[in-house]
Protein chains: 2
Amino acid sequence: MNVTDTLTIETPGTHAITISREFDAPVDKVFRAMTDPELIARWMGPKYLTNVETTNDARHGGTWTLVQRDPDGNEYAFRGVFHGEQTPELSMRTFEWLGMPGHVSFETLKLEDLGNGRTRAYNVSVFTSTEDRDGMATSMESGVVEGYERLDEILESL
Amino acid sequence: MNVTDTLTIETPGTHAITISREFDAPVDKVFRAMTDPELIARWMGPKYLTNVETTNDARHGGTWTLVQRDPDGNEYAFRGVFHGEQTPELSMRTFEWLGMPGHVSFETLKLEDLGNGRTRAYNVSVFTSTEDRDGMATSMESGVVEGYERLDEILESL
């Protein structure tokens, strides 16, 4: 388990990564910032990467894409599909980095109203193999920590 | 672990169920029987249920549905979405029983050519929680065992 401020990353069992993070903003603002592709482009991922493409068709069978670019011009592409209607209570999607095609995870996101205008985001990612889980666990932390720090700033401006 | 003839069901870790089964038919026939909705309707699930609706739009973002009916007329509906192109080497989809909405699993299927016209189907289902996994593990066995027995008969006729 790794704790950074109000962010908690856990890896219970062998196939899952759970991430829990509090935000100083109400549920509707957090949900908007996590589903509007123009807002997603401003916070998703580690700070040294720029999001140059974001699509987010958040309906059952809808797809999402994300392309990130580093300072040297290298690009990293991700994609997935949504399962079910996306609501603050429950959003579900698949996740694939096209640099390792076929290694796909399934993500659920729940937003909990903590009162006083605060929200807890609770994310569970499950992987088809423990090897896929371990590979992602080591690489996702900086992206999540820094991405959520940028999200904090965006939420203040909404 | 539970072994029935050539079927093996394992539950490694805490979030996954793996199913491995050999078929006396070549890969292309097994793949066709697992993707053609009219053929799926003839074998999927336990024998006491009749498949009254099957759709299978097997493309990235495509959806599938299944409705089963028991002898008393009760209906059980399932749905999901496909991730990526479906090939014999790798097919990926989400799975939800609408009787327990929101408890969604992610399934991968690989068909391996064993030679001599035989095929091994290797399926991994991962669940968001260990509780979901345990709940499904107890209820899916008869459906898988009996469904694959019906699939054996269909493969002989293709």
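How many residue pairs are in polar contact across the interface of chain A and chain B?

1. **Polar contacts.** The model is a predicted one. Across the interface of chain A and chain B, four residue pairs are in polar contact, both partners at pLDDT 80 or more. Salt bridges there come to zero by the rule.

2. Four strands of chain A each give at least two residues to the side that touches chain B: strand 6 (75-83), strand 7 (91-97), strand 8 (105-115) and strand 9 (118-127). Strand 6 of chain A gives the most, with five residues.

3. **Residue classes.** The side of chain A that touches chain B holds 11 nonpolar and 13 polar residues. Charged residues on that side number two.

4. **Extent of the contact.** Chain A contributes 26 residues, and chain B contributes 26 residues. Between them the chains bury about 2,000 Å². Carbon and sulfur atoms account for 70% of that area.

5. **Matching surfaces.** Of the interface residues of chain A, 100% are also interface residues in chain B. The copies therefore meet through the same surface.

6. **Aromatic pairs.** Over all chains, the rule counts nine aromatic pairs. One of them joins Trp64(B) and Phe95(B).

7. **What the Trp64(B)-Phe95(B) pair links.** Trp64(B) sits in strand 5 (residues 63-69) of chain B. Phe95(B) sits in strand 7 (residues 91-97) of chain B. The pair therefore ties together parts that are 31 residues apart in sequence.

Terms used: Residues are numbered from 1 along each chain as its sequence is written. Chains are lettered from A and ligands numbered from 1 in the order in which they are written. This is a predicted model: local features need pLDDT of at least 70, side-chain atom pairs count only at pLDDT 80 or more; totals for chains, interfaces and linings use all residues. Side-chain values use heavy atoms; hydrogens and water are left out. Contact means heavy atoms within 4.5 Å. Buried area is the accessible area (1.4 Å probe) that two parts lose on being put together, summed over both. A salt bridge is a side-chain nitrogen of Lys or Arg within 4 Å of a carboxyl oxygen of Asp or Glu. A polar contact is a pair of N or O atoms within 3.5 Å; within protein, one must be able to donate a hydrogen and the other to accept it, and residues adjacent in sequence count only if both atoms are side-chain atoms. Ala, Val, Leu, Ile, Met, Phe, Trp, Tyr, Cys and Pro count as nonpolar, Asp, Glu, Lys and Arg as charged, and the others, Gly among them, as polar. Rings of Phe, Tyr and Trp (its six-membered ring) pair if their centres lie within 6.5 Å; planes under 30 degrees apart count as stacked, over 60 as edge-to-face and the rest as tilted.
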